[in-house]
Amino acid sequence: MLFLRFILIGLLIVPAFSAFSVPVDWSGELTLDTDIIRGVRRTSDSCTPAAGSQCITDEENNGRQQNMIMTLNPSIIINDGVTIKGELATGTSRTSQVGDDTTTDSKSGSYFAQTTSSGLNVNQIYAEIYADTALYRVGRFAKNFGLGALINSGEERRNRYFSGYEGIEAELKLGNFYLTPAWTKLHTSSNPNGKYDAYETSLYALYDNTNRNLKFGVFYALREVETESTLYGANTGSQEVTLIDIFIQKNWEKAKLALEIPMVSGNAGKAYTNEDADFDSNAYILESSFEMNTQWKLNLNAGYVKGDDGETNSFEGMYLHPNYKVGKILYNHNLRGYNNSAYDIHNAAISNSTYAQLEAQYSSSEWVWKISALWAKANQVASEGDDFYDHEQKSIVTAAADQADDLGYELTTEFDYMWNPSVTISGYLSNLFVGDFYSFLNDADDELKTQNVMATGMSLSVKF
């Protein structure tokens, strides 16, 4: 029904613009996916969730979900110098859960059910203005930098999130150099007096030499959050944070090496802790590949994402963008969300981790098969008698026992079948061998007996 609604909207809008001789191009994505996960609690033991504990609500140990991702991207050409672009989507985070809005009519009998309409969100709407000196973007738009580990525009298939900004930016090209200064507002309220605002000033510099197959970029941003802003929650106070993100990528005939290093510093207020804290964190994200022949390729992805130790007034944790996924279970699902609606199932950001993933990829004209092995450990864990930081529940807790750093390892087989240039069918089978990190109950006399997690999934995506 939602898809038909979009088609009807398009049929109504396009003639209206055509009457004024304004060309409109449409693109977008419709994806239907399903995931079935056995062992979402990572244990069969009964337990009571608490701060610092790895216990998940004892409701159901299996999870299943079916979702629809629907986005429309109109591009309206006003004239040779101006184009209006945007993104329309339904549901929260571009996602509608199948069956979520279904209602029944008691007068029509027990076999009548109808899915009600869901809201249409304007995620992005901005003007691109072409001038002799630069390309200007004005409005609500998304940004991307490097590997998308921290700043991600959400342009890949099945991406549910994006780094959104509202303001103005200018893209200047000087030979192989690109400079993009920007001023954007991130948050405000109905009281336009300034103390509820959050805004960011940034400069993105990129050197892109196609002859040498070399890219090098730096993203610098200063984010200021005023005292009463609720961008990071109520009563978190003012923040002034500096981001320096470095990216380098080198391609050879058969190999690729890319590295991104985001570094965050400044004053984080009470965004992560109960008291004002300084921000001092970083991460190292590596992606590499080697083409063995025209069909086989080896990929190696690795990362070090800093965690907070809970011991000082300086917050040292880092959370990557939720679009940046490694594996299919460990960093791909927030397993707490299957039994507790306070957590978003899909919002599983990599944090407090050192990981490595080795992947073999086979490609043909229609098929892509991947077999991968992922290993991970926690950088910061609880130590009896000391404070530690619970990165999932974002709280500081005093440890009553020691915690292991083994997050486990994950084996995955997945495929993409290109039915035609617009339609892709995907599937996966993954098994997470849960590490002892998740046996922690913050109890000196007890711990959980861990249980492996198995997940399968299928999706059908239409890009147009």
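Visitor: Where is the place of Asn235?

Guide: Asn235 sits in the loop between β12 (214–225) and β13 (239–251). Bear in mind that this is a predicted model.

Visitor: Why does Asn235 count as exposed?

Guide: The cut-off for exposed is over 50% relative accessible area. Asn235 comes out at 70% relative accessibility, so it counts as exposed.

Visitor: And what is the phi of Asn235 near?

Guide: Phi of Asn235 is near 60 degrees, which is a positive value in a residue other than glycine. Arg158 is another such case, with phi near 70 degrees.

Visitor: Where is Arg158 found?

Guide: Look in the loop between β8 (135–142) and β9 (164–174).

Visitor: Why is Arg158 called partly exposed?

Guide: Buried needs under 20% and exposed needs over 50%, with partly exposed in between. Arg158 has 22% relative accessibility, so partly exposed is the label.

Visitor: What makes Arg158 and Asp33 a salt bridge?

Guide: The rule asks for a side-chain nitrogen of Lys or Arg within 4 Å of a carboxyl oxygen of Asp or Glu. For Arg158 and Asp33 the closest N and O atoms are 3.0 Å apart, and the pair passes. Arg158 is in the loop between β8 and β9 while Asp33 is in strand β1 (residues 24–38), so the bridge ties together parts that are 125 residues apart in sequence.

Visitor: Is Asp33 buried or exposed?

Guide: Buried: its relative accessible area is 3%, and the limit for that label is under 20%.

Visitor: What does Arg157 form a salt bridge with?

Guide: Its partner is Asp416, with 3.2 Å between the closest N and O atoms. Arg157 belongs to the loop between β8 and β9 and Asp416 to strand β22 (residues 406–420), so this pair ties together parts 259 residues apart in sequence. Arg157 has 28% relative accessibility, so it counts as partly exposed.

Visitor: How many salt bridges does the count come to?

Guide: The count is 15. One of them joins Glu169 and Lys143, whose closest N and O atoms are 2.5 Å apart. That pair links distant parts of the chain, with Glu169 in strand β9 and Lys143 in the loop between β8 and β9, 26 residues apart. Both Glu169 and Lys143 are buried.

Visitor: What about Glu287: which side chain of opposite charge is nearest?

Guide: That is Lys256, 4.4 Å away. A salt bridge has to come within 4 Å, and Glu287 is buried yet has no salt bridge.

Visitor: Which strand does Glu287 lie in?

Guide: Glu287 is part of strand β15 (residues 277–291). β15 pairs with strand β16 (residues 296–305) in the antiparallel sense over nine bridges, and pairing takes at least two. The two strands form a hairpin with four residues between them, and Glu291 stands opposite Lys297 in β16.

Visitor: In what sense do β16 and strand β18 pair?

Guide: Antiparallel again, here over 10 bridges, with β18 covering residues 353–363. Asn299 has Glu359 in β18 as its bridge partner.

Visitor: Why does Lys250 count as partly exposed?

Guide: Lys250 has 25% relative accessibility, so it counts as partly exposed. The residue lies in strand β13.

Visitor: How far apart are Lys250 and Arg212?

Guide: They are 38 residues apart in sequence and 8.2 Å apart in space, C-alpha to C-alpha. A polar atom of the Lys250 side chain lies 2.6 Å from the backbone oxygen of Arg212. Apart from neighbours within four places in sequence, the contacts of Lys250 include Arg212, Leu214 and Lys256.

Visitor: Finally, what joins Cys47 to Cys55?

Guide: A disulfide, with 2.0 Å from S to S, and the cut-off is 2.5 Å. The structure holds one disulfide. The link of Cys47 and Cys55 is right-handed, with 90 degrees about the S-S bond, and both cysteines are buried.

Terms used:
Residues numbered from 1 in each chain as written. Predicted model: local features only at pLDDT ≥ 70, side-chain atom pairs only at ≥ 80, totals over all residues. Heavy atoms only, no water. Buried < 20%, exposed > 50% of the residue type's maximum accessible area, 1.4 Å probe, protein only. Lys, Arg positive; Asp, Glu negative; His and termini not counted. Contact = heavy atoms within 4.5 Å. Polar contact = N/O pair within 3.5 Å; in protein donor to acceptor, adjacent residues only side chain to side chain.
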